[in-house]
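Have the viewer open and follow along.

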Amino acid sequence: MITVCRIEDLPPGEALRVTEGVPAPVAVFNADGVLYAVDDTCTHQDASLADGWLEGCLVECPLHASSFDLRTGRPTCPPAKAALRTHHVEVVDGLVLLHVNVGEPA
Amino acid sequence: MRSVLVVGASLAGLGAVRALREEGYEGAITVVGEERHLPYDRPPLSKQFLTGEYDAAALALGDAEEYQDLDADWLLGARAVRLAPAARTVTLADGRDLRADAVVIATGATARTLPGARGLAGVHTLRTLHDAEALRAELTTGRPAVAVVGAGFIGAEVASSARSLGLDVTVIEAAQAPLERALGREMGLVCASFHADHGVRLLCGAGVAGLEGVGRVTGVRLADGRVVPADVVVVGVGARPATDWLDGSGLQVDDGVLCDAGCATDIPQVVAVGDVARCLDLFTGGHTRVEHWTSATDQPRTAVRTLLTGVSAPAPAAAPYFWSDQYRHRIQFAGHLRPGDEPQLVEGDLESRSFAAVYRREGRAVAVLAVDQAKAFVRMRRTLRACVVALPRPA
Ligand SMILES: Cc1cc2nc3c(=O)[nH]c(=O)nc-3n(C[C@H](O)[C@H](O)[C@H](O)COP(=O)(O)OP(=O)(O)OC[C@H]3O[C@@H](n4cnc5c(N)ncnc54)[C@H](O)[C@@H]3O)c2cc1C
Ligand code: FES
């Protein structure tokens with residue numbers, strides 16, 4: 001388990017990239033008050049999804065605009081084909097906590 | 001409409017097949033492609049493929065399952081040589097005639113080269129996987145000195161990749177300010193300075209007079225008489241739309257196939273998409289041939305709607321977008337510049353090589369450039385405002 005930040009530091013519409021203490025970078029999003037965490041690196045080529053455009057529970061990759069559903073990690077349009085791993089994230093005592101999932105993506 | 005013929009089996013051609021099926025078209029689709037490969041991604045050819053990070057398999061645009069679902073006929077290694085518009089018949093080099101109810105022109109562009117380059121070993125252009133394989137083989141044999149002619153994006157990427165392989169690289173550019181047309185003078189110079197940052201010589205204002213060597217290239221002779229010694233020369237001086245096969249078709253061709261904003265040509269049920277098309281662009285306000293990956297993925301959706309509805313169906317204006325990866329920097333640009341559009345730094349600073357700038361025309365944001373500032377870029381890209389063009393009313 002990793003403490004990401006205080007919840008005030010991740011307001012709605014924002015994202016953070018976690019690189020320490022994780023096997024691969026993870027992006028944590030606040031989508032209108034609901035937190036999601038997925039692998040940060042796009043499954044298509046090399047771009048950081050924490051830099052992407054967040055709309056509802058979809059994030060659009062900043063490089064070639066594949067969209068990923070943060071609930072499932074699945075791409076909703078090409079060029080990405082593979083799903084992202086999703087991770088468990090929760091708020092406890094005002095802290096954003098990340099539990100990294102090392103299994104296969106959905 | 002019961003049959004569609006797509007000419008050109010690359011990004012835009014595959015995009016057309018995907019869009020046809022997404023829109024529910026169930027008829028026959030035939031795709032004709034000169035290359036022997038199923039569609040693959042070109043941008044990595046000058047980047048990860050040249051450095052060896054990606055192999056050919058990593059470039060595939062589709063996979064077996066998708067091709068099964070798309071259910072199209074792929075005629076690969078087949079070159080179209082003629083379009084007879086009235087009957088919408090395409091003739092192949094082997095003499096076969098293919099007839100269809102609609103034709104999608106997606107033949108892209110071919111690399112320009114220098115006079116005297118043909119027949120001289122060691123001189124390369126870079127457009128196809130075949131080109132990239134040949135270039136990579138030479139860059140990874142011994143330690144050749146490399147000269148790149150042209151400091152545009154592909155030239156700069158090749159220089160960066162060759163440099164990362166540990167080679168000695170010189171870039172030769174005819175203009176005084178590289179990338180001026182794409183990024184404006186000031187920002188063009190900033191991006192061109194990445195070469196020097198990484199130990200690559202950049203010669204500006206250096207016209208090429210010819211290539212040196214007999215049988216195999218030994219150097220590039222400049223207009224002022226200097227010779228840049230080189231074992232490998234890469235010519236990156238732009239591309240020309242692949243429209244030769246349309247001679248005599250009656251289509252209007254002028255630096256690309258002229259189209260309206262819905263990708264319709266002046267012949268009914270013939271559309272053009274991608275690098276070969278010069279469409280009325282609702283963002284730039286003129287007929288613009290855009291040689292970017294994103295246009296080649298977006299335009300097919302528009303063109304297919306035009307075909308399926310029978311009325312030209314323009315998409316909302318969107319700023320042309322491209323990226324370039326070089327020297328471990330990511331350059332992203334959206335919009336369209338005219339002389340006099342002034343960049344203003346809005347994020348980061350030039351010294352650190354991490355910044356974003358917005359270009360304005362009469363106070364209106366018309367373009368955005370970012371270097372290693374993807375987050376700022378995606379936000380600013382959405383604030384760009386299109387030129388207002390009056391669309392001709394349908395007759
Ligand atoms: C090395 C390189 C790097 C690039 N990097 C970037 C980048 O970083 N960012 C970016 O935005 N864009 C980049 N691009 C541009 C991008 O790849 C193109 O915009 C895109 O490939 C255009 O797709 P297209 O399908 O229109 O044309 P093309 O990809 O050119 O495909 C056209 C196809 O049609 C075939 N063809 C031509 N004539 C005939 C004929 N008569 N009969 C049958 N088939 C025919 C050709 O063989 C080819 O396979 C790069 C391009 C290259 C070459
Ligand atoms: S890297 Fe994300 S869509 Fe290409």
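**Entry 1: the ligand**

I began at ligand 1, where one of its oxygen atoms sits 2.6 Å from an N or O atom in the side chain of Lys47(B). I count a polar contact as a pair of N or O atoms within 3.5 Å; within protein, one must be able to donate a hydrogen and the other to accept it, and residues adjacent in sequence count only if both atoms are side-chain atoms. The protein covers 94% of the 1000 Å² of accessible area that ligand 1 has on its own (Shrake-Rupley method, 1.4 Å probe; for residues, only the protein chains shown count as cover).

A note on ground rules: this is a predicted model, in which local features need pLDDT of at least 70 and side-chain atom pairs count only at pLDDT 80 or more, while totals for chains, interfaces and linings use all residues. Residues are numbered from 1 along each chain as its sequence is written, chains are lettered from A and ligands numbered from 1 in the order in which they are written, and side-chain values use heavy atoms, with hydrogens and water left out.

Back at ligand 1, I found an oxygen atom 2.7 Å from an N or O atom in the side chain of Ser10(B). A nitrogen atom of ligand 1 lies 3.0 Å from a polar backbone atom of Glu34(B). I listed 33 residues around ligand 1, with Ser10(B), Glu35(B), Arg42(B), Lys47(B) and Arg127(B) the closest (near means a heavy atom within 4 Å).

**Entry 2: domains and cores**

I looked up the domain assignment of chain B, which gives domain 1 (3-110 + 240-309), domain 2 (113-237) and domain 3 (328-381); such bounds come from an automatic or database assignment. The centres of domain 2 and domain 3 of chain B, taken over C-alpha atoms, are 27 Å apart. Their contact takes 11 residues from domain 2 of chain B and 12 residues from domain 3 of chain B (contact means heavy atoms within 4.5 Å).

Next I checked the largest nonpolar core, which has 85 residues; Phe29(A), Leu83(B) and Ile105(B) have the most contacts inside it. Such a core is a set of buried Ala, Val, Leu, Ile, Met, Phe, Trp, Tyr and Cys residues joined through side-chain atoms within 4.5 Å. Buried means under 20% relative accessible area, exposed over 50%, and partly exposed in between (1.4 Å probe, protein chains only). Helix H1 (residues 11-22) of chain B gives the most to this core, with 7 residues; helices (H or I, at least four residues) and strands (E, at least two) are DSSP runs numbered from the N terminus.

Which residues does a cis peptide bond join? I found Pro78(A) and Pro79(A), with omega about 10°. Pro79(A) is in the loop between strand E7 (67-69) and strand E8 (86-92) of chain A.

Arg88(B) is not a glycine, yet I noted a positive phi of about 45°. Arg88(B) counts as buried because its relative accessibility is 19%. Tyr327(B), also not a glycine, has a positive phi of about 50°, and at 5% relative accessibility Tyr327(B) counts as buried.

**Entry 3: two single residues**

Is Arg278(B) buried or exposed? At 18% relative accessibility, Arg278(B) counts as buried. A polar atom of its side chain lies 3.4 Å from the backbone oxygen of His287(B).

Leu95(A), in strand E9 (residues 95-99) of chain A, counts as partly exposed because its relative accessibility is 28%.
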